[in-house]
Amino acid sequence: ALPISLQELAKGNLDVKFEPAEHREISEIVEALETTATALSERDAALVKLANHDNLTGLYNRHRFVEELNVELANIAVHGHTSALFFIDLDQFKYINDTCGHPAGDRLIRKVADELMHSVRHSDVVARFGGDEFVVLVGDVDRSAARALAEVILANMRRLAHIEEERVFHVHCSIGVTMIGDATVKPDDLVAEADIACREAKSSGRNRSEEHTSELQSQFRISYA
């Protein structure tokens with residue numbers, strides 16, 4: 001049985017089971033192999049987590065979010081429903097960083113990540129794109145439901161207070177929303193659309209949401225030409 005187990009381990013099967021050995025020397029070898037297999041399995045799990053998650057918040061990172069978005073596009077192609085993508089940017093986050101330092105900013109980012117996770121449904125996908133930018137994939141919703149969820153996020157963020165050095169910072173955000181009904185659209189284009197809508201929300205006064213439209217797309221192209 002030991003040679004078979006060794007062959008499986010050599011193939012990369014880290015779940016291989018080693019049968020107890022009668023001889024002490026062989027038993028010690030088996031124990032060492034089991035320890036090695038466990039260590040390799042834990043290392044692989046850590047590498048997978050590192051590849052898919054943001055180090056600071058534990059949320060999905062950009063790479064994993066795009067994978068989830070591709071899965072949702074495939075679901076839309078089959079079932080024909082609509083979904084939504086939110087691009088969320090904190091308002092005046094730089095002020096907290098400049099006032100209290102980057103560690104304070106990191107603590108705020110983690111608090112915002114937790115608030116976002118509690119604001120959306122369990123089936124929704126929340127990711128951090130870096131800095132103070134987050135994205136949320138809201139599956140199988142119509143336009144009115146997407147708007148309602150955006151308002152829930154805004155309301156919860158308005159109530160969020162962050163204390164640093166006996167100073168209270170109130171966190172607001174701007175949200176750009178793009179509806180997903182065409183399964184052939186590329187993920188990067190959807191993110192860009194939501195980003196455009198988020199910038200419009202910021203330029204319109206912040207602390208609000210804006211939905212992407214073709215007119216807004218044209219305005220953006222003219223403004224940034």
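The following conversation goes through a predicted model of one protein chain.

Biologist: To start, how many helices and strands are in the chain?
Modeller: The chain has eight helices and seven strands. The model is a predicted one.

Biologist: What share of the residues counts as buried?
Modeller: Of the 225 residues, 40% count as buried.

Biologist: And what part of the contacts with a separation of 6 or more comes from residues 24 or more positions apart?
Modeller: Such residues account for 65% of those contacts.

Biologist: Let us turn to the sheet. What is the strand order?
Modeller: The order is β2-β3-β1-β6-β7, in an open sheet of five strands with mixed pairing.

Biologist: Which strands stand at the edges?
Modeller: Those are β2 (125-130) and β7 (209-211). Each has a single partner strand, so one side of each is left without a neighbour in the sheet.

Biologist: What is the average twist from one strand to the next?
Modeller: The twist averages 20 degrees.

Biologist: How many bridges join β1 to β6, and do they run parallel or antiparallel?
Modeller: Strand β1 (residues 83-90) and strand β6 (residues 173-180) are joined by eight bridges and run antiparallel. As one example of a bridge, I88 is partnered with I175 in β6.

Biologist: Which strands does helix α7 touch?
Modeller: Helix α7 (residues 187-203) packs on the sheet and touches β1, β2, β6 and β7. The direction of α7 makes about 140 degrees with that of β6.

Biologist: Now helix against helix. How do α4 and α5 pack?
Modeller: Two packed helices are described by the angle between their axes and the distance between the axes. For α4 (residues 93-100) and α5 (residues 102-119), the angle is about 140 degrees and the axes are 6 Å apart. This makes α4 oblique to α5, because only angles over 145 degrees count as roughly antiparallel.

Biologist: Which residues make that contact?
Modeller: From α4 the contributors are F93, I96, N97 and C100. From α5 they are H102, A104, G105, L108 and I109. By class, the contact has six nonpolar, three polar and no charged residues.

Biologist: You named C100. Is C100 buried or exposed?
Modeller: C100 is buried, with a relative accessible area of 15%.

Biologist: How many disulfides does the structure hold?
Modeller: The structure holds zero disulfides. C198, for instance, is in no disulfide, and the nearest cysteine sulfur, that of C173, is 8.1 Å away. The cut-off for a disulfide is a pair of cysteine sulfur atoms within 2.5 Å. C198 also counts as buried, at 2% relative accessibility.

Biologist: On to the backbone. What is the phi of E165, and where is E165 placed?
Modeller: E165 has a positive phi of about 55 degrees although it is not a glycine. E165 is in the loop between β4 (161-164) and β5 (167-170). With a relative accessibility of 58%, E165 counts as exposed.

Biologist: What about the phi of N207?
Modeller: N207 is not a glycine, yet has a positive phi of about 55 degrees. N207 lies in the loop between α7 and β7, and is partly exposed, with a relative accessible area of 22%.

Biologist: Last topic: how far apart are A74 and A183 in sequence and in space?
Modeller: A74 and A183 are 109 residues apart in sequence and 6.7 Å apart in space, C-alpha to C-alpha. A74 is found in helix α3 (residues 62-79), and counts as partly exposed at 40% relative accessibility.

Conventions
Residues numbered from 1 in each chain as written. Predicted model: local features only at pLDDT ≥ 70, side-chain atom pairs only at ≥ 80, totals over all residues. Heavy atoms only, no water. Axes fitted to C-alpha atoms, helices over the stretch in contact; angles between N-to-C directions. Helix = DSSP H or I, 4+ residues; strand = E, 2+ residues; numbered from the N terminus. Parallel < 35°, antiparallel > 145°, perpendicular 65-115°, else oblique. Contact = heavy atoms within 4.5 Å. Nonpolar A, V, L, I, M, F, W, Y, C, P; charged D, E, K, R; others polar. Buried < 20%, exposed > 50% of the residue type's maximum accessible area, 1.4 Å probe, protein only. Pairing = 2+ DSSP bridges.
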